[in-house]
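Q: Could you take me closely through one loop of this model and then through the parts around it? I'd like one connected account, with each cut-off given as you go.

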Amino acid sequence: MVQYSTPRLDASFAALSDATRRGVLRQLGRADASITELADKFHMTLTGMKKHVGVLEDAGLVVTQKIGRVRTCKLGRRALEQEAAWIEAYRQLWAARFDALDEIVEELKRKESP
Amino acid sequence: MSITTTVERKSDRELVVTRTFRGPLRIVFKAWTTPDLFKRWWVPKSSGMTMLSCEMDIRTGGTYRLVFSHPAMEQPMPFFGRYLEVTPPSRLVWTNDEGDDEGAVTTVTFEERVDETLVVLHDLYPSKEALDAAIASGATSGFDEQFAQLDEMLAAG
């Protein structure tokens, strides 16, 4: 039997364990949205969406701000850290490619110089 | 020792990668535009991906099609697009059409320095929303895999 190390089930992990909440994060990555807009988008009651947003907010993945009667949601600090992580992964991809390209350039240089 | 590769989110819709190579411009450009050389460096070994095929018709208006496989993917994954500009040995511009119509346009410029070549690559997305969406889906796609595995574990009891 495979032994799994006990994962630290922090608020962020729990928040992300729900497909709708992951969808909400993706949606907020595209544009800020009100709770009403999110509820419509995910075919959910306002109360249901408020609960999901509350979980994401507790985890620091989403921040909300109430202006007048509308509560607007946007990505929180934890989610923005994921953006930084994505850019770092993108950099690592290019760094790995270019290190391999270095070898090819070296090889071609050797072939050309007698 | 490897040389530093830098990445900057230069604007709302643009990422810029910069790298210097210790070799003449002519050789660096050749390694980008010769399919047999290109396929030896484009896919990092650490990615676990394999390039199944590589078709490149490198001229302005020409097309390319790269097909990759990965043990975790059910289907091979194609990447394709069109060369908007090919100006040897200083500039390549291509589209990335495998997604929807929200793909980036990639511009690579090659600049000769003393004993070195400076390569600057721009990924320009059609809108801030398109780049944000690429980041959001990339940043959360790992979670989807992770949680699919967790779901399986929980289902298996």
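A: Happy to. Asp115(B) has its place in the loop between S7 and S8 of chain B, where helices (H or I, at least four residues) and strands (E, at least two) are DSSP runs numbered from the N terminus. The model is predicted, and local features need pLDDT of at least 70, side-chain atom pairs count only at pLDDT 80 or more, and totals for chains, interfaces and linings use all residues. Residues are numbered from 1 along each chain as its sequence is written, and chains are lettered from A and ligands numbered from 1 in the order in which they are written.

Most residues other than glycine have a negative phi. Asp115(B), although not a glycine, has a positive phi of about 60 degrees.

Which residues of H1(B) are buried? They are Ile27(B), Val28(B), Phe29(B) and Ala31(B).

Val28(B) and Ala31(B) also belong to the largest nonpolar core, which has 16 residues; together with Leu101(A), Val105(A) and Phe21(B) they touch the most other members. Such a core is a set of buried Ala, Val, Leu, Ile, Met, Phe, Trp, Tyr and Cys residues joined through C-beta atoms within 7 Å. Helix H5 (77–112) of chain A and S2 and H1 of chain B each supply at least two of its residues, and H5(A) makes the largest share, with 5.

Phe21(B) shows how the two chains meet here. Leaving aside residues up to four places away in sequence, Phe21(B) touches Leu101(A), Asp102(A) and Val105(A) in chain A, and Val28(B), Glu116(B), Thr117(B) and Val119(B) in chain B. Residues are in contact when their C-beta atoms, placed from the backbone, lie within 7 Å.

Now for the interface as a whole: 31 residues of chain B are in contact with 29 residues of chain A. On the chain B side, strands S1 (6–11) and S2 (14–21) and helices H1 (25–33), H2 (35–41) and H3 (128–156) each supply at least two residues. H3(B) gives the most, with 12 residues. By class, this side has 17 nonpolar, 7 polar and 7 charged residues; Ala, Val, Leu, Ile, Met, Phe, Trp, Tyr, Cys and Pro count as nonpolar, Asp, Glu, Lys and Arg as charged, and the others, Gly among them, as polar.

In chain A, His43(A) lies in the loop between helix H3 (35–41) and helix H4 (46–58). His43(A) has a positive phi of about 50 degrees although it is not a glycine, and His43(A) is exposed, with 9 other C-beta atoms within 10 Å. Back in chain B, Pro89(B) is in the loop between strand S5 (77–87) and strand S6 (91–95). A cis peptide bond, with omega about -5 degrees, joins Pro88(B) and Pro89(B).

Conventions
Buried ≥ 20, exposed ≤ 12 C-beta atoms within 10 Å, placed from the backbone.
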